[in-house]
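Here is a short briefing to read alongside the sequence and the 3D view. Keep both open and look up each residue as you reach it.

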Amino acid sequence: MPAYPRYLTKAQLEQFWSDGYLVLKGTLDQEVVEKAREFLLDLIPRDLVIPDHYHANHGRFKPHHPDGNGSFFEPAMLPLMQNEALYGAAVDILETEYIRVWDGSAGITLRNRAMEGRLQNLHLDAVPGGPEDLNEGFLRTGIGIGGCYYLNKVEGEGGGIHVVPGGPNRVRDIMLNEPDGLTRNNGWGHITDFSSSMEVTGDAGDFVLMHHLMPHSASANHNAAPRIAQFTRLQALTDDDARLAPGPDRPLDPAALGALTPLGRKLFRLAPWIG
Ligand SMILES: O=C(O)CCC(=O)C(=O)O
Ligand SMILES: [Fe+2]
């Protein structure tokens with residue numbers, strides 16, 4: 001009897017390892033979706049004066065804190081990061097219970113009919129640190145997973161994230177077998193090895209879960225509804241790291257600390273997984 005999957009179906013796990021991504025349907029309750037969406041909409045100033053520290057490109061807005069940090073760990077956003085269904089999927093994919101959560105940034109794409117398709121180069125958000133990471137194990141379960149919650153319905157040409165089905169397996173092969181595997185495609189920030197990609201549509205409350213070797217990109221929104229998304233990433237901890245509790249990269253304020261579940265405390269590394 002194999003240890004995994006425990007939470008995903010066998011078919012979902014197989015699909016993840018062949019396509020490199022999976023849409024987890026209905027991971028969030030409607031009330032959670034609405035609170036998170038309201039929180040993110042409130043980050044767009046009513047007078048539409050966009051702060052210098054926000055990213056704003058081609059109709060896509062990425063709010064940041066004035067110090068340049070893009071993580072939003074406020075109580076309205078925490079149910080997304082300590083979500084049981086996403087954690088369960090991560091356990092099955094990363095093959096460990098000891099996992100940390102990070103990112104927590106947001107991306108809002110407004111209707112902009114001047115742009116077509118991808119708004120960015122196909123790229124990876126996480127790359128191996130060096131030749132020591134170029135092994136099958138790290139490139140499968142070590143590099144982690146990440147993706148976005150849709151907080152509104154995302155229909156075709158509605159700003160959904162673009163992915164390359166099967167991309168992570170092809171990227172892994174290139175990294176392991178080509179002499180320039182680490183550096184090609186501009187260090188994987190501007191991928192030219194693959195040219196076609198597809199938009200992932202979904203409903204409010206879905207999570208588009210991708211392997212970190214998935215070439216991906218934001219896309220243009222031709223529809224009336226904004227594309228409101230939050231990004232959550234998960235990475236396996238070693239057993240040694242699972243004994244430690246150094247806390248998250250960005251500290252949580254008292255209200256956020258009070259909104260954490262026991263699972264959330266471990267995912268944010270405020271409590272150790274072991275001991
Ligand atoms: O907003 C999206 O759909 C994807 C954005 C993205 O991949 C990025 O900014 O790194
Ligand atoms: Fe990205």
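A85 counts as partly exposed, because 15 C-beta neighbours lie inside 10 Å of it; a residue is called buried with 20 or more other C-beta atoms within 10 Å of its own, exposed with 12 or fewer, and partly exposed in between, with C-beta atoms placed from the backbone. This is a predicted model, in which local features need pLDDT of at least 70 and side-chain atom pairs count only at pLDDT 80 or more, while totals for chains, interfaces and linings use all residues. Residues are numbered from 1 along each chain as its sequence is written, and chains are lettered from A and ligands numbered from 1 in the order in which they are written.

**A85 and helix α4**

- A85 lies in helix α4; helices (H or I, at least four residues) and strands (E, at least two) are DSSP runs, numbered from the N terminus.
- Not counting residues up to four places away in sequence, A85 touches L24 and T27; two residues are in contact if their C-beta atoms, placed from the backbone, lie within 7 Å.
- The C-alpha atoms of A85 and P246 are separated by 25 Å, and these residues are 161 residues apart along the chain.
- Which residues of α4 are buried? They are L86, A89, A90, V91, I93 and L94.
- Just after α4 comes E95, with a positive phi of about 60°.

**L80 and helix α3**

- L80 lies in helix α3, which covers residues 78–81.
- Is L80 buried or exposed? L80 is buried, because 25 other C-beta atoms lie within 10 Å.
- Leaving aside neighbours within four places in sequence, L80 is in contact with L28, A36, Y149, Q230 and T232.
- L80 and G20 are 60 residues apart along the chain, and their C-alpha atoms are separated by 21 Å.

**The nonpolar core**

- The largest nonpolar core has 63 residues; such a core is a set of buried Ala, Val, Leu, Ile, Met, Phe, Trp, Tyr and Cys residues joined through C-beta atoms within 7 Å.
- The residues with the most contacts inside this core are A90, I99, Y149, L151, V208, L209 and A229.
- Helix α4 (residues 84–94) gives the largest share of this core, namely six residues.
- V208 touches Y21, V23, G147, C148, I161, V200 and G202, not counting residues up to four places away in sequence.

- In helix α6 (residues 167–177), the buried residues are G167, P168, V171, R172 and M175.
- The buried residues of α6 pack against α5 (136–142), β6 (162–163) and β8 (207–211).
- On the face of α6 turned away from its buried side sit the exposed residues D173, L176 and N177.

**The surroundings of ligand 1**

- Ligand 1 is surrounded by G107, D125, I161, H216, A218 and A229; a residue is near a molecule if its C-beta atom, placed from the backbone, lies within 6 Å of it.
- This shell divides into three nonpolar, two polar and one charged residue; Ala, Val, Leu, Ile, Met, Phe, Trp, Tyr, Cys and Pro count as nonpolar, Asp, Glu, Lys and Arg as charged, and the others, Gly among them, as polar.

**Backbone details to look up**

- Most residues other than glycine have a negative phi, and most peptide bonds are trans.
- N185 has a positive phi, near 55°, and lies in helix α7 (residues 184–188).
- N185 counts as buried, because 21 C-beta neighbours lie inside 10 Å.
- N186 also sits in helix α7, and its phi is near 55°, a positive value.
- N186 counts as exposed, because 11 C-beta neighbours lie inside 10 Å.
- The peptide bond from Y4 to P5 is cis, with omega near 5°, and P5 lies in the segment before α1 (10–19).

**The chain as a whole**

- How many helices and strands does the chain have? The secondary structure comes to 10 helices and 10 strands.
- The radius of gyration of the chain is 18 Å, close to the 19 Å that the globule rule gives for 275 residues, so the chain is as compact as a globular protein of that length; the radius is taken over C-alpha atoms, and the rule is 2.2 Å times the number of residues to the power 0.38.
- Of the 275 residues of the chain, 40% count as buried.
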